[in-house]
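Reader: I am new to this structure. Could you take me through its contacts, please?

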Amino acid sequence: MKWLGALLFVCASYLFGKRLSKDEEERLLSVDSLIRLLTYMKRRINSERTPLFELFSSFRDGYFERIGVLEEINRNRDISEEKWERVLSLMSFDADIKTELLRFFTELGTLQLEDQLKRIDYIVSLLSERQCLIKKELPDKQKTIKTVCLLAGMLMTIILL
Amino acid sequence: MNESSIGLLFRYLPLRLSVAVNSLPKDILENINEIRLRKRGALSVTLGVTNLFLDGKGNICPLGSAITVTDEEINECVRRLTEGSLYSYDEYVACGFIPLSCGGRAGVCGKTNRNGFSEIYSVNLRLHRFIPDVAKPLVEELAANGIKGTVVCSPPAFGKTTFLRSIAYLLAVGKGIEPKRVAVADERNEIAVGIFGSGLLDVLSGMPKGEAITLLTRTMSPEIIICDEISANETESVLEAQNTGVSLIASVHCRDINELKKRGRMKQLLENNVFPLCVVLGYDGGYTCKVMKTEDFL
């Protein structure tokens, strides 16, 4: 019975590590989807000057739909800072980039065409850098997280035994 | 104009300001021409030629006690006017106005850069009246003596655009006269508000007046072209239209006929008999409208 408990504890530790490494993947998915949204926005704004909410309601993205980002954006036509805070809280971003994104979304729609397109370009370049970094670090980071969790689980098991 | 059309404008105002305006007595509310917001300045409404200031409770008050419009309120008003997408209205904003989804427009001014406005300081929400019979005296004159070019003159805010809207409607639907093919060169989306689709009316909006007059003359073969606020820039197009037999009904800003005669280009148009008729709009306790023959004062 004791050994079965120990085995279960180690397995739980491993699964916990796997879950944590999944969070890292979520960060990458958030960046990917946001870049896709911004690229779509830029194209529609540049060629058709489509108003924001028409643009948001026509955008489709599996990940954003799954985590409720599109639902939150299209819930109403409110464009307050609080709304964008709620939207950003659904995505997995680091605090520094979240601050920059909040500033971007709060300003969204208040700038003239040229300035608006420049701001989108700036945010896309920022996100692209982050995307490269996450992609580069992701496999090693996931491996490390899983290993550390597994080892921590084993260590705890030994101590408890 | 009625209360419900003012109601349409409330959707563009931040709550505090719309509550103040809506608290005005009904008789004033029904006669408002403009609601003006100025960044860090007073909220005012215009009734005919009178400017009124409002306090927080919507009472008429002196300038010093008027509601001060905050930066955030101006920004919110612009956000509402542009549906949160200023870039969609870039071309209009560069020309100093934002078309309203309910018809009409809001005039804007502020700090400009090479792309247009970098910051908006003032918004003028203009209410567009449709009073069908205001141009009846002119219609009677045209019905009796045939269609003739007409210049409508008055200082700003005396109802020139309302008069043009009325004459466009009356001629196009044939009220008091046989229906005419009327084309409106509506550069700033103002004249045709509320009369789209009336009778034999064609509207060309958003194009500079000179170009619009030329285009309408060539493509729509109208009997009458109507446009607002002609200036020296449109003289050539107006003369060209005159040579094709199209009559022009246009408005100009001026205080009186003497001022009209002093303007070189306008004098040229009058001497070329582009405008055999002149309508002078005034205010004498109520709005007045006087139809004259230009030969009488030239």
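Author: This is a predicted model. Between domain 1 of chain B and domain 2 of chain B, three residue pairs are in polar contact, both residues being at pLDDT 80 or more. On the side of domain 1 of chain B that touches domain 2 of chain B, the residues are four nonpolar, five polar and two charged.

Reader: How many salt bridges are there across that interface?

Author: The rule finds two salt bridges between domain 1 and domain 2 of chain B. A salt bridge also joins the side chains of B:Arg105 and B:Glu190, at 2.7 Å from N to O.

Reader: Where do the two domains run in chain B?

Author: Domain 1 of chain B covers 3-126, and domain 2 of chain B covers 132-296. Their contact involves 11 residues from domain 1 and nine residues from domain 2.

Reader: And what area do they bury between them?

Author: Domain 1 and domain 2 of chain B bury about 780 Å², with 51% of it on carbon and sulfur atoms.

Reader: Turning to the chains, what is the count of polar contacts between chain B and chain A?

Author: Eight residue pairs are in polar contact there, both at pLDDT 80 or more. Helix H5 (90-94) and strand S7 (116-126) of chain B each supply at least two residues of the side that touches chain A. H5(B) gives the most to that side, with three residues.

Reader: Which residues form the salt bridge?

Author: A:Arg49 and B:Glu91 form a salt bridge, their closest N and O atoms being 3.5 Å apart. The count between chain B and chain A is one salt bridge.

Key: Residues are numbered from 1 along each chain as its sequence is written. Chains are lettered from A and ligands numbered from 1 in the order in which they are written. This is a predicted model: local features need pLDDT of at least 70, side-chain atom pairs count only at pLDDT 80 or more; totals for chains, interfaces and linings use all residues. Side-chain values use heavy atoms; hydrogens and water are left out. Domain bounds come from an automatic or database domain assignment. Contact means heavy atoms within 4.5 Å. Buried area is the accessible area (1.4 Å probe) that two parts lose on being put together, summed over both. A salt bridge is a side-chain nitrogen of Lys or Arg within 4 Å of a carboxyl oxygen of Asp or Glu. A polar contact is a pair of N or O atoms within 3.5 Å; within protein, one must be able to donate a hydrogen and the other to accept it, and residues adjacent in sequence count only if both atoms are side-chain atoms. Ala, Val, Leu, Ile, Met, Phe, Trp, Tyr, Cys and Pro count as nonpolar, Asp, Glu, Lys and Arg as charged, and the others, Gly among them, as polar. Helices (H or I, at least four residues) and strands (E, at least two) are DSSP runs, numbered from the N terminus.
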